[in-house]
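Hi everyone, thanks for making time. Have a look at the structure I'm putting up, and then I'll talk you through it.

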Amino acid sequence: MTTGVAVVGARGRMGAQACRAVAGADDLDLVAEIGRGDSLDAALGADVLVDLTVPGSVMSTVEWALAHGLHVVTGTTGWTDARLAQVRRWQAAAPHLGVLVATNFGLGAVLVMQFAKQAAKYFESVEVVELHHPGKVDAPSGSAIRTAQLIAAARAEAGMGPSPDATEQELPGARGAVVDGVHVHAVRMRGMTAHQEVVLGGPGETLTLRDDTYDRAAYMPGLLLGVRTVAGRPGVTVGLEHYLDL
Ligand SMILES: NC(=O)c1ccc[n+]([C@@H]2O[C@H](COP(=O)([O-])OP(=O)(O)OC[C@H]3O[C@@H](n4cnc5c(N)ncnc54)[C@H](OP(=O)(O)O)[C@@H]3O)[C@@H](O)[C@H]2O)c1
């Protein structure tokens, strides 16, 4: 039996790739390709609705999907605690349905975060370096901030203090931004796409975890994993890592 999938935002960069990925999967059936101005009713009959749009439209789409019995996988960004709480209220009215909110479908990127979290307590020093194309408007990246927060929480839980650093004078910015006590450096570089390193250091050794994403194709294995898993995970799940067997 195949899983019926409707993609909202189908004419966008992520949505178009998602349609191709779903259409190419033997166990999935692309039921609808919905763009701006199209009726969501085209998704009726699908099992899973995939939303890859904009923060301004995702909420009403999720509400519609849950009201019409569809599981939801969304990669759209712009989530806040208040928005997630609203989605939880809608989902509570349809408790058998699953919602995956995953602002990063990149398996490598998600794994670097989880591995960094696991490694954090074993190393005295840790810094995060993210490197992106020069068209990126925010710095540091959301993934780098999240990575630093996860590392900081793991260090705090292990009772660790700040990474050693004797700096007394510095040019502003030389040591990067500080997120929950973890230094985060942002590089903007023509020729690069989306890259992240976590460097951990202890006496006589360093460990570098690095993910390089070159193309939106990198997001498709994670997205398909979400589509295949969501029906078996009722409730609202935030982050693809919860669907990984770690
Ligand atoms: N989870 C991840 O790993 C990941 C990775 C990359 C990007 N993203 C996020 O995924 C989303 C899409 O990214 P993208 O790069 O594909 O952006 P994009 O190329 O701008 O595509 C967004 C698409 O959504 C459409 N859209 C807007 N409102 C809609 C509505 N009400 N109904 C149906 N379609 C609507 C847009 O149509 P118009 O062009 O007509 O406005 C556009 O085709 C963004 O939120 C982005 O931040 C997530």
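First, some housekeeping. This is a predicted model, so local features need pLDDT of at least 70 and side-chain atom pairs count only at pLDDT 80 or more, while totals for chains, interfaces and linings use all residues. Residues are numbered from 1 along each chain as its sequence is written.

The protein chain has 6 helices and 11 strands; those are DSSP runs, numbered from the N terminus, with helices being H or I of at least four residues and strands E of at least two. Its radius of gyration, taken over C-alpha atoms, is 20 Å, close to the 18 Å from the globule rule (2.2 Å times the number of residues to the power 0.38), so the chain is as compact as a globular protein of its 246 residues.

Now the ligand. How many residues surround the ligand? There are 23, and the closest are Gly 9, Gly 12, Met 14, Ser 57 and Gly 75. Near here means a C-beta atom, placed from the backbone, within 6 Å. Helix H1, residues 13-23, gives the largest share of that shell, 3 residues.

Last, Asp 211, which sits in strand E10, residues 205-213. Is Asp 211 buried or exposed? Asp 211 counts as buried because it has 21 C-beta neighbours inside 10 Å; the cut-offs are 20 or more for buried, 12 or fewer for exposed, and partly exposed in between, with C-beta atoms placed from the backbone. Ala 144 is 67 residues from Asp 211 in sequence, and 12 Å from it in space, C-alpha to C-alpha.
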